[in-house]
Number of protein chains: 2
Amino acid sequence: MHHGIAIGKVSDAARVKIPTIRYYEQIGLLAPNRTEGNRRTYGQDDVERLTFIRHSRELGFNIDEIRTLLSLQDAPHQSCHEADTIAKARLVEVKRKIASLTALKAELERMVEGCSHGRVETCQVIEILADHGKCVFHDHTVAA
Amino acid sequence: MHHGIAIGKVSDAARVKIPTIRYYEQIGLLAPNRTEGNRRTYGQDDVERLTFIRHSRELGFNIDEIRTLLSLQDAPHQSCHEADTIAKARLVEVKRKIASLTALKAELERMVEGCSHGRVETCQVIEILADHGKCVFHDHTVAA
DNA sequence: CCTTGCTCCTATAGTGGCTAGAGGTTGTAC
DNA sequence: GTACAACCTCTAGCCACTATAGGAGCAAGG
């Protein structure tokens, strides 16, 4: 009504794109509130909720984890044990990913350094990709 | 015919799942060869090609990059300049990702350490997620 | 020869987390 | 009153697979 924020403003304020906000509503992360003219309307709390979501996404939490984190935030008198568990799991994952990417980095550096800048026949890049035995990167789990 | 390898064997040999092999054929990474009974049939070269693809995917190259790398491998007298460029671009990306994940790791560690194991009200995990200002992780680009 | 059961086939739909587009409505400023 | 921005819904597309349904081929044992 009088002090509702339109989706565009919320989008700017929370730095979450408009279609993404609509998507979040669709999957139930955001409560649907409309004006008489059928426009989505938000309050400052929604801006904060969206910021929370964006930040969590940036930190690599998936939607299900965020759903749990949001439900925890909505019930502040509960134990934070679950939030702690989620963060810890994420930390383990991140550590593993860093280790994997570091090995990958070494592999790519070896490829690039080994490249004789000649023809494909003698190119380390192609050769290492073709023959796994020549690869030093063995924890092939994350990469992407 | 007599020395063709069936998809299941190729799948085991190259450690690429059967539906994935069919998918690769569909998108043109693999030539389609069939027996009279309409079964896909492969040779040792296909096992090597699939291993190349798997390895490249594990190293984080996307399908388009792999397409280029494969076309280079198929023409070994060409210059390997392009392969070098692709690997270098990937290296830059990986370095950026490591930097980002390292910052993220610090952030998660701060969260977990700061958690008083009490109630959500006072939980650092939730608080840091809610208030971006309290976050030390600012290169929010990769994360996942 | 026949059945059992394994491997294979196609085609379609689903995954996650959005993003893009078409085509229509509402609200606002001049 | 009219131009135009901002909004609406609905559908389809992105990537790289993965899953499922429903059917056909093929090798070994009886």
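**Note on a two-chain predicted model**

1. Start with the interface. In this predicted model, 56 residues of chain A are in contact with 57 residues of chain B. Contact means heavy atoms within 4.5 Å. Residues are numbered from 1 along each chain as its sequence is written, chains are lettered from A in the order in which they are written, and side-chain values use heavy atoms, with hydrogens and water left out. Local features need pLDDT of at least 70 and side-chain atom pairs pLDDT 80 or more, while totals for chains, interfaces and linings use all residues.

2. How much area is buried between the chains? The size of an interface is often given as the accessible area lost when the parts come together. Between chain A and chain B the buried area is about 5,000 Å². Carbon and sulfur atoms give 73% of that area. The value is the accessible area (1.4 Å probe) that the two parts lose on being put together, summed over both.

3. Polar links across the interface come next. The rule finds 2 residue pairs in polar contact between chain A and chain B, both at pLDDT 80 or more. A polar contact is a pair of N or O atoms within 3.5 Å; within protein, one must be able to donate a hydrogen and the other to accept it, and residues adjacent in sequence count only if both atoms are side-chain atoms. On the side of chain A that touches chain B, the elements giving two or more residues are helix 3 (44-58), helix 4 (63-74), helix 5 (81-114) and helix 6 (124-130) of chain A. Helix 5 of chain A gives the largest share, 19 residues. That side divides into 30 nonpolar, 13 polar and 13 charged residues. Here Ala, Val, Leu, Ile, Met, Phe, Trp, Tyr, Cys and Pro count as nonpolar, Asp, Glu, Lys and Arg as charged, and the others, Gly among them, as polar.

4. Now the fold of chain A. It has 6 helices and 2 strands. From the N terminus, the order is β-α-α-β-α-α-α-α. Helices (H or I, at least four residues) and strands (E, at least two) are DSSP runs, numbered from the N terminus. Of the 144 residues in chain A, 43% are buried. Buried means under 20% relative accessible area, exposed over 50%, and partly exposed in between (1.4 Å probe, protein chains only).

5. Which residues touch the most other members of the largest nonpolar core? They are A:Leu50, A:Leu69, B:Leu50 and B:Leu69, in a core of 78 residues. Such a core is a set of buried Ala, Val, Leu, Ile, Met, Phe, Trp, Tyr and Cys residues joined through side-chain atoms within 4.5 Å. Beyond its neighbours within four places in sequence, A:Leu50 is in contact with residues including A:Val10, A:Ile21 and A:Leu30.

6. The rule asks for a side-chain nitrogen of Lys or Arg within 4 Å of a carboxyl oxygen of Asp or Glu. In helix 5 of chain A, A:Lys88 and A:Asp84 sit 4 residues apart, about one turn of the helix. Their closest N and O atoms are 3.1 Å apart. A:Asp84 is buried at 3% relative accessibility, whereas A:Lys88 is partly exposed at 38%.

7. Between chain A and chain B there are 2 salt bridges. One of them joins B:Lys95 to A:Glu109, at 3.9 Å. The pair runs from helix 5 of chain B to helix 5 of chain A. B:Lys95 is partly exposed at 39%, and A:Glu109 is partly exposed at 23%.
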